[in-house]
Structure formats: structure tokens, C-alpha cells
Amino acid sequence: MPLGPELYLTGRLAEGPFGLELHSDGGVWELDTGRGARGLLGCEVEVCGRRAGFNELICDQIWPAGQPRPPRSKFNIELLLACSVVGYGLIAFFLGLVGRLG
């Protein structure tokens, strides 16, 4: 399912039957977040993310309400893993080529 536009919501973070939930303006959003968000259970939070499905929100960031939005991480683990696999493949290819020629 395609992701919707970026949403910015404020509400209380709670534990639900399927994971973390954001209770905001009478609605309940199921959150797809990292582990660090569990430290904010029971607190008012601000969430930035994209809607997926009826009430699921894939979180880009979550932080305590009333505080400035934290800077986005510039580190992309998926890109690092892809580059590692490609680099390993190139090294293996060249070593195989050198072994055949030598």
C-alpha cells in the first residue's frame, strides 16, 4: 500500500494490543517506531510520519511534546548495508579475476 503524505500529530503515547499507540484528538493511531519511543510511554508526544493503511502511522520522528523537533539523522543504515554488499561483491570479483590470471 502506498504511503500517504507526511503527518504531524500530537497526543499521548500508550501501549496497545499491537504495539505503541498514539491517542490524539479522540482517535487512535498504531505506530511503527523504533525502540527508543518506549521510553516516552504515558507522555504527551509529537510525531512526524506517514500514514499507511487505515490507522497506522510509520514514524520518522517522535519526541516529547513542547520540545523543539530533534534534527533528523543523516545516517542511513539501508544505504550502508547496500554499499557493503556491492563492495564485497566487487572485491570478490577482482580477487577471483586475479586468481584466474595468476
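What follows covers the aromatic pairs, then strand pairing, then the cysteines.

This is a predicted model, in which local features need pLDDT of at least 70 and side-chain atom pairs count only at pLDDT 80 or more, whereas totals for chains, interfaces and linings use all residues. Residues are numbered from 1 along each chain as its sequence is written, and side-chain values use heavy atoms, with hydrogens and water left out.

**Aromatic pairs**

- The structure holds 2 aromatic pairs, where rings of Phe, Tyr and Trp (its six-membered ring) pair if their centres lie within 6.5 Å, and where planes under 30 degrees apart count as stacked, over 60 as edge-to-face and the rest as tilted.
- Tyr-8 and Trp-63 form a tilted pair, with 6.1 Å from centre to centre and 40 degrees between the planes.
- This pair links distant parts of the chain, since Tyr-8 lies in strand β1 (residues 6-16) and Trp-63 in strand β5 (residues 56-64), 55 residues apart; strands here are DSSP runs (E, at least two residues), numbered from the N terminus.
- Trp-63 is buried, with a relative accessible area of 3%, whereas Tyr-8 counts as partly exposed at 49%; buried means under 20% relative accessible area, exposed over 50%, and partly exposed in between (1.4 Å probe, protein chains only).
- Phe-93 and Phe-94 form an edge-to-face pair, because their ring centres are 5.3 Å apart and their planes stand at 70 degrees.
- Phe-94 counts as partly exposed, at 48% relative accessibility.

**Strand pairing**

- Strand β1 and strand β4 (residues 44-52) run antiparallel and are joined by 7 bridges; two strands pair if DSSP finds at least two bridges between them.
- Within this pairing, Thr-10 stands opposite Glu-46 in β4.
- Strand β4 also pairs with β5 in the antiparallel sense, over 8 bridges, and here Arg-50 stands opposite Ile-58 in β5.
- The hairpin of β4 and β5 has 3 residues between the strands, and in this hairpin Gly-53 takes a positive phi near 85 degrees.

**Cysteines**

- A search of the whole structure finds 0 disulfides, a disulfide being a pair of cysteine sulfur atoms within 2.5 Å.
- Cys-43 is in no disulfide, and the nearest cysteine sulfur, that of Cys-59, is 15 Å away.
- Cys-43 is partly exposed, with a relative accessible area of 34%, and Cys-83 is also partly exposed, with a relative accessible area of 48%.

Conventions: Helices (H or I, at least four residues) and strands (E, at least two) are DSSP runs, numbered from the N terminus.
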